[in-house]
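User: Hey, I've got a protein model open and I'm a bit lost. Can you walk me through it?
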Amino acid sequence: MSMDSIVSLCKRRGFLFQSSEIYGGLQGFWDYGPLGVELKRNVKEAWWSDMVTAHDDMSTLAGAPSPYAMEGLDCTIIMHPQVWKCSGHYDLFHDFMVDCRETKKRYRHDQLNGRWVEAKGNKIFVTAPASDEEQGHMTKRALKFFNLRNKHIDDLKWEGESTCLTEMTSFEEVLGPDAKTLGTLTEPREFNLMFKTYVGALSGEEGAAYLRPETAQGIFVNFKNVLDSTRHRLPLGIAQIGKSFRNEITPRNFTFRSREFEQMEIEFFCHPDQSKDWYMYWRDRRLKWYHEMGIDSGNLIMREHSPKELAHYSIGTADIEYAFPFMAEGEYGELEGVSHRGDFDLRSHMEGKLDEKSNPLTLQLGDDGKPKWKGSGKDLNYRDDLTNDKYTPHVIEPSAGADRATLAFLCEAYTVDQQPDDKGKMQERIVMKLHPRLAPIKAAILPLVKKDGMPELSKEIYLDLKKHFNVFYDEKGAVGRRYRRSDEAGTPYCITVDGQTLEDKTVTIRERDTTEQSRIKIDECEQVIRDRINNG
Ligand code: GAP
C-alpha cells in the first residue's frame, strides 16, 4: 500500500484536507474533514478514557508497582514566558545543540570550533568555544589529552585551519571543549522552534510570549495545584490533551511532522526509588494500548534511545514507533516517546537550575553579572502525609501525538481486498479496517430500496440510534455501492431494512471486515452495536 493512495482517500472521503487549500495551502498545517474530525476525537477519547477516567485506581494493574491515581488538566496554550525559560525551551529550542555526555555541558553546535592535531601516533579533532583565545585553549587541551608538557608543544602536529564543528560528519575523534575522552559529544539537535506572539497591546519584548511547543509544562507548573486540590498521594499521573506548536524547519510526510499538532501527554509523578519500575510499566502499558486499538504488532516497535540520542532532560527514553508507509523498508517513525525525566522539570521550575548549572554558554546574565532569571522559587517538592517523607518526585512521561496516532490508525486500517459485487462478480474493494471504537461512523442505516416504506422505517431506526452513536443514513444508489462507500469510511456495521423488516421487525447487520450478515431485531440494534464496539 502506498502513502499516495492513503492521502488520496483522506482527501476524497473527507478525513484530511490541506489547510487554506484554496489559497495554495500552508506547509505544515492540516485540517480534519467530517470523517477525520470524528476519527481524531475517537482517538483522543479512547486515550482519555483508557488512561484517565476509566483507569482502575483501586487495583495494582499488571506490571505496575502499586495502584496509582490519574487526573486530567486543560492548560492554556500561551503561558508565562518564564515557563519556557525554566523548561529550557527558550534557550535551547532554537538551534542545533550538542551535549557532552561526560561533563553534561551543552554547546551551540555552530559555536564550537576545532582543529585536527596529531601526536604520539594519534590524530584527534580538538574543540574550543569560538573566541580569540580558541587556539590557546585547544593547545592546552591537546597537551593534556596526549599527556605532554609545555616544553613538548612542538610534538603537536596541527593540520589545517580552525573549522566549525558543523563541518564534521562524525564526532568519534572529537574531543569536546571540557571532556577528557574522545567521542563524548552527541549528535546536534534542533531547538527553539517556538512560535512567538505578543500579549496585549504591548508589541515590544515586554509583551513577548510563545505558543506552547508541548503540553507537558502546563502540567509541571500545576503539579502543586492538582496535588492540593485532589489530596492524592503519589504516585499520581496528570494527563492533558491539547494543541502544541513547533515551527518545524522541514514539515513533511502528511500530518507526521506538522507545525500545529495535538499531543496526549501524561506526567507521572512518583518516588525516585520507584521511578525505574514505573518507567518500565508505562513503556509496556502504552505499547499495549496501540495493540488494543488495532495496530498489528508486526508494524510496531519499541526502541530504547541510545545515550547519544537522549533529550536534555531525559535519563532514559523509549520510542514507540510505527512502520509508516512513507518510511524506507525496515524503518519506523515515532508515535510516542516514553521518557524518564527524573526531577529535571520540577527542579527547573523551583530553582531555574538548568541555565545556572548545565548551560553556561546560553546563560543570560544581567548587568549585575547574575543570572537574569531564576525558577519560580516555589516549593514543588512533595511531602507524604503518612510517612512525612519529603522529596522531589521523579517523572515518567508517556508523550503521544494525537495526529501521528490518527495517521498510524489510518495507515494500518487501509486495506484492499476482493469482494463479490451485487452480481456476484469479484471486485476490488478499499476498506478502512479501523477499530470500531475509533471508526468515525459506527453504523450506516440503509433501506434496501427507496420504496415500500423502507426509507421511512430506516429513518426511524436512524433517528433512534443517532441518540447513542454517530450513525449515517444513506438511500442513494444500489445497496452494494452503499456498502462500498461505508467500507471506505471505515464504518464497522451496516444495518439494512428490507422486505422482511416490514413483516417481522428484523434487519440485517453486516460486518465491514468479513461482509458477513446476520438478522437481529430492530429493538436489539443499539445493544448489539454497543457490545460489538466494546468487544472490538
Ligand atoms: N513533552 C515531550 C515531548 O513533547 P516530543 O517527542 O517532542 O516530546 C511527543 O513529542 C510526541 O508529539 C511525538 O512522539 C509525536 O507523536 C508528537 N509530535 C512532536 N512533534 C510533532 C510534529 N511536528 N508534528 C506532529 N506530531 C508531533
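Predicted model: local features only at pLDDT ≥ 70, side-chain atom pairs only at ≥ 80, totals over all residues.

User: OK, Leu9: buried or exposed?
Analyst: Leu9 has 0% relative accessibility, so it counts as buried. It lies in helix H1, residues 3-13. Helices (H or I, at least four residues) and strands (E, at least two) are DSSP runs, numbered from the N terminus.

User: What is Leu9 in contact with?
Analyst: Leaving aside neighbours within four places in sequence, Leu9 is in contact with Gly14, Phe15, Tyr414, Ile430, Met432 and Glu488. Contact here means heavy atoms within 4.5 Å. Leu9 and Met432 are 423 residues apart along the chain, yet 9.9 Å separates their C-alpha atoms.

User: Which domains is the chain divided into?
Analyst: There's domain 1 (58-93 + 194-409), domain 2 (96-191) and domain 3 (425-534). Those bounds come from an automatic or database domain assignment. Taken over C-alpha atoms, the centres of domain 2 and domain 3 are 68 Å apart.

User: How many residues are in the largest nonpolar core?
Analyst: It has 59 residues, and Trp278, Trp282, Trp289, Tyr290, Phe324 and Phe409 have the most contacts inside it. A nonpolar core is a set of buried Ala, Val, Leu, Ile, Met, Phe, Trp, Tyr and Cys residues joined through side-chain atoms within 4.5 Å. Helix H11 (residues 402-413) gives the largest share of this core, eight residues. Domain 1 and domain 3 each supply at least three residues to this core.

User: And what about a second core?
Analyst: A second, separate core has 21 residues, including Ala443 and Val471. Those two also stand opposite each other in a sheet, with Val471 in strand S24.

User: What's the strand order in that open sheet of five strands?
Analyst: The order is S24-S23-S25-S26-S27, with mixed pairing. S24 (471-473) and S27 (517-521) stand at the edges with a single partner strand each, so one side of each has no neighbour in the sheet. On average, neighbouring strands are turned by 25° against each other, direction ignored. Two strands pair if DSSP finds at least two bridges between them; S23 (residues 443-447) and S24 run parallel and are joined by three.

User: Which helix packs on the sheet?
Analyst: Helix H13 (residues 479-489) does, touching S23, S25, S26 and S27, and its direction makes about 170° with that of S23. Axes are lines fitted to C-alpha atoms, for helices over the stretch in contact, and angles run from 0 to 180 degrees between N-to-C directions.

User: Switching topic: where is the cis peptide bond?
Analyst: From Leu234 to Pro235, with omega near 5°. Pro235 sits in the loop between helix H7 (223-230) and strand S13 (236-245). Pro235 is also among the contacts of Trp278.

User: Which residue has a positive phi near 50°, despite not being glycine?
Analyst: That's Lys120, found in the loop between strand S6 (112-119) and strand S7 (122-129). At 58% relative accessibility, Lys120 counts as exposed.

Note on methods: Residues numbered from 1 in each chain as written. Heavy atoms only, no water. Buried < 20%, exposed > 50% of the residue type's maximum accessible area, 1.4 Å probe, protein only.
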